[in-house]
Amino acid sequence: MAASSQQSSQHLLVLLLLLLSCLAGAATAGSTMQCHDEDQAALLAINSALGSPYHFASWTPDTFCCDWYDVDCDNATGRVVGLSVFGDANVTAAIPDAIANLTGLRTLVLRHLPGLTGGIPESLAQLSGLSQLTISYTGVSGPVPAFLSQIAELALLDLSFNSLSGAIPASLADLPALASIDLSRNRLEGPVPALLLSKCPGQVELWLSHNNLSGAIPAGFAAINFTHLDLSRNSLTGDASAVLGRGKPLQHLDLSRNDLRFSLTGAELPEQLTYLDLSHNAIRGRVPAQVADLAGLQLFNVSYNKLCGVLPTGGVMERFDAYSYQHNKCLCGSPLPACHRYML
């Protein structure tokens with residue numbers, strides 16, 4: 001009886017070892033996709049150009065590059081389609097031209113790399129299949145390159161939190177798939193290109209805050225389906241009412257700290273608004289009664305303008321305190337002091 005029990009235990013042990021061996025083999029097969037030789041050579045050149053930081057410790061010639069940290073490969077072809085490098089203060093170099101040798105690249109993210117300096121190299125124009133380009137929170141300087149308009153499939157462009165200067169290239173408006181642009185927190189100047197994002201038929205997002213942009217908000221923005229529009233902290237002038245309107249998909253609108261001058265009386269607001277900041281301008285007129293009906297509105301700020309009249313009541317108005325209305329010409333009513341009879 002003892003011998004039979006011992007034999008059963010041995011059989012179970014053998015079966016268990018075989019199962020573990022199969023599982024290990026499957027795991028190994030799934031994690032050693034052989035990448036293209038040219039991609040591997042390009043990545044090793046990128047590593048060398050960036051000074052072989054510890055961030056790339058897994059990038060060794062004796063392993064397949066599809067297993068390397070920050071690298072994504074296409075499951076069918078084994079070509080590198082994504083490179084995302086972020087959060088390494090030890091990277092101190094310019095953007096390597098070798099990135100252009102990753103000819104199948106669709107996503108390039110260089111983010112939170114304060115030691116990354118120099119301009120955006122023209123070699124990136126060779127990445128014809130690139131759909132997402134993010135260079136953000138770096139020391140990169142120089143202009144927003146006009147050659148970006150050659151990357152026909154570009155859908156997302158994020159160059160925020162850098163030291164870029166000069167004008168926004170009008171040629172960016174030529175990109176038919178471009179639906180999201182973030183150029184905020186740079187040193188850009190000049191006008192907002194008149195046709196920017198006008199070729200995208202769907203919903204779009206635009207962040208241009210904290211620059212030195214001037215001139216009027218393009219009249220063509222009235223026909224664009226913005227969901228997020230942030231033009232705050234610039235020197236923009238004129239009438240911004242064209243970006244408002246019922247039925248628009250706009251959820252987030254920040255036009256604060258400019259020099260915009262138009263009447264808010266009679267303005268129709270997008271019903272999906274959750275964030276509306278028009279503070280620190282020269283806007284006149286009354287606060288539209290429709291504001292009270294915007295059920296999703298979480299932030300509303302019209303302070304530091306030239307508004308006058310009785311504030312709307314009911315609906316969502318109780319969410320907003322006097323801070324939302326301070327420093328206007330003659331607004332009154334809760335949460336501000338009561339109106340005088342002549343203002344009713």
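Guide: Trp-59 counts as buried because its relative accessible area is 3%, and buried means under 20% (exposed is over 50%, partly exposed lies in between; 1.4 Å probe, protein chains only). The model is predicted, so local features need pLDDT of at least 70 and side-chain atom pairs count only at pLDDT 80 or more, while totals for chains, interfaces and linings use all residues. Residues are numbered from 1 along each chain as its sequence is written, and side-chain values use heavy atoms, with hydrogens and water left out.

Trp-68 is likewise buried, because its relative accessible area is 3%. Phe-56 is buried too.

Rings of Phe, Tyr and Trp (its six-membered ring) pair if their centres lie within 6.5 Å; planes under 30 degrees apart are stacked, over 60 edge-to-face, and the rest tilted. That rule gives six aromatic pairs. One of them joins Phe-56 to Trp-59: the ring centres are 4.1 Å apart and the planes meet at 20°, so this pair is stacked. Trp-59 also pairs with Trp-68, again stacked, at 5.4 Å centre to centre and 20° between the planes.

An unreviewed UniProt entry annotates residues 36–74 as "domain: Leucine-rich repeat-containing N-terminal plant-type"; UniProt positions follow the numbering used here, feature names are shortened, and annotations may be inferred rather than shown by experiment. The span 36–74 is 33% helix and 8% strand, with its end C-alpha atoms 11 Å apart. Helices (H or I, at least four residues) and strands (E, at least two) are DSSP runs, numbered from the N terminus. The protein chain has two helices and 22 strands.

Six of the strands make an open sheet, ordered β7-β9-β11-β13-β15-β17 and paired in parallel. Its edges are β7 (141–142) and β17 (259–260), each pairing on one side only. Two strands pair if DSSP finds at least two bridges between them. β7 and β9 (residues 163–166) run parallel and are joined by two bridges, and Gly-142 has Leu-164 in β9 as its bridge partner.

Of the 344 residues in the protein chain, 47% are buried. Among contacts (heavy atoms within 4.5 Å) with a separation of 6 or more, 46% link residues 24 or more positions apart.
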